[in-house]
Amino acid sequence: MITVNNVSMRFNLGVEKNFSLKQFFIDILTHKKKEKSEFWALSDINFSVKKGEVVGFIGSNGAGKSTLLKIIAGVMKPTKGSVEIYGNICPMIELGAGFDMDLTARENIFLNGAVLGYSKEFLESKFDEIVEFSELKDFLDVPVRNFSSGMVARLAFSIATIVDPEILIVDEILSVGDIAFQQKSENKMRSMIGGGTTVLFVSHSIDQIKNLCDKVIWLDHGKIKQVGPAKEICDNYKESVLHS
Amino acid sequence: MFFKNIIANFKKYSFLLQQLISRDFKVKYKRSVLGVLWSLLYPVLNMAVMALVFSNIFKFSTPGVNYLVYVLSGLIMFNYFSEASNLAMSSIVANFSLINKIYIPKYIFPLSKCLFVGINFLLTLIPLYIVIFATGTGINIYHLVLPYAYICLFMFTLGMGLILATISVFLRDMFYIYSIVLTLWTYLTPIMYDIAIIPAKFQLILKLNPMYHYIDFIRKIILYHQMPSAFTFAVCGISSVIFLVIGLVAFKKNQDKFIYYV
């Protein structure tokens, strides 16, 4: 379903600094070569995921988990290596991307749905389901600007999870809304996972990973440290964190 | 194969394009009392100010044709260009938070801006025709050829928008530079003056400006009731295609790097 071949990702930290015309001319005049402060967010990542497998990614902040998911989702191109994917992807990397705060909830359902690549007919047929799941029926014609952050997150989650994708990429989105909604969203995720979907899952909650995943990939400084059954890798990871 | 891909891609994202355009409309007019009426009023008021200043104070005139129609026809074309190219330029930087998270073909942002302003442009044709009739200028059969100039203007603007969007990702100073360039460009385009008042040796320079030819094209028809020359047809078509191709190539070549300049 997904094959990741020798993927490496380099970020050039030098260019991230404030690059301006002035600096550009100074650099030309002084023949200064750009300082190359490279940073390899990922190096030589290889793995494959079979259909229906639920794979968790763990590792400390900055280990390269999100970068890896973005590469698989097609947001970034890897510096080296390649990714092969069979099936349609639903990337739930960040919820509510593309929300326009000036528009109402109703308008945002269509805008955000379009951003996620859903068709018009699909959205119209699922509209009631989205509204019902988000429990925001009374606020449909209110600009999202006036929503609480929890309400925005609920709306976003409801839109993102309305599809039945073949591959689902989830980056830390299970904890949205109040406790009741969290429970509801976790159940929803479980039912999506249970339906034979291939899932790539990033979370800092080791318990969630242990519960939901078949296989776990432990990333450390852009390299794969360990791959294996969820329980074993999670225990190893926990131990290493506690002892460092 | 390549062509088939483009069609399939376009079909898939046409709904998004439509949503982005309708979003722009809603956001633009939501909080104003007159709403979409502004699209009609704005160019007319603009024309009134220019006509007041240039025909009364500077005594500009266009012998044989109505000055109001002269100004308004130039103005709507140039306003389209300046607004659409400006919005297209900032569309990539403004949507970084989206580009960074979800895969969307990036050309969709400048394209949606050029189309959005294009719809506005079509609305401004209403006041143009009102002024054409009110001043007794009248219409003729050649008006059917006008869409050719509008399409050339659109392609040229999209091309410029793609070039500017690409540069501005790497060089944010472009926003300032372009606003100055645009001011200069406004004066170098014969919008409120007749090119005949310019010394002959400078006229050539002004004619290097594609905007001059698009405006000249529609004025030939609207004001002089003539079919534009084959030369004007060719210049409009060729210049717009060249800029569009340059824009597409520059954009396509660099789009994968955009994400590092967030």
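A:Ser66 is partly exposed, with a relative accessible area of 33%, where buried means under 20% relative accessible area, exposed over 50% and partly exposed in between (1.4 Å probe, protein chains only). This is a predicted model, in which local features need pLDDT of at least 70 and side-chain atom pairs count only at pLDDT 80 or more, while totals for chains, interfaces and linings use all residues. Residues are numbered from 1 along each chain as its sequence is written, chains are lettered from A and ligands numbered from 1 in the order in which they are written, and side-chain values use heavy atoms, with hydrogens and water left out.

**Position of A:Ser66**

- A:Ser66 belongs to helix 3 (residues 65-73) of chain A, helices being DSSP runs (H or I, at least four residues) numbered from the N terminus.
- Between A:Ser66 and A:Ile159 there are 21 Å in space, C-alpha to C-alpha, and 93 residues in sequence.

- Leaving aside neighbours within four places in sequence, B:Phe81 has contacts (heavy atoms within 4.5 Å) with residues including B:Leu153, B:Phe156, B:Tyr178 and B:Trp185.

**Aromatic rings around A:Phe133**

- Over all chains there are 24 aromatic pairs, meaning rings of Phe, Tyr and Trp (its six-membered ring) with centres within 6.5 Å, where planes under 30 degrees apart count as stacked, over 60 as edge-to-face and the rest as tilted.
- A:Phe133 and A:Phe157 form a stacked pair, at 6.1 Å centre to centre with 25° between the planes; A:Phe133 lies in helix 5 (residues 120-134) of chain A and A:Phe157 in helix 6 (residues 149-160) of chain A, so the pair ties together parts that are 24 residues apart in sequence.
- The ring centres of A:Phe133 and A:Phe181 are 5.7 Å apart and their planes stand at 70°, so this pair is edge-to-face.
- A:Phe133 is buried, with a relative accessible area of 17%, and A:Phe181 is buried as well, at 2%.

**Charges over rings**

- The charged end of A:Lys184 sits over the ring of A:Phe133, 4.5 Å from its centre, the criterion being NZ of Lys or CZ of Arg within 6 Å of the ring centre and within 35 degrees of the ring normal.
- In chain B, B:Arg219 lies over the face of B:Tyr70, at 3.6 Å from the ring centre.

How values were computed. Helix = DSSP H or I, 4+ residues; strand = E, 2+ residues; numbered from the N terminus.
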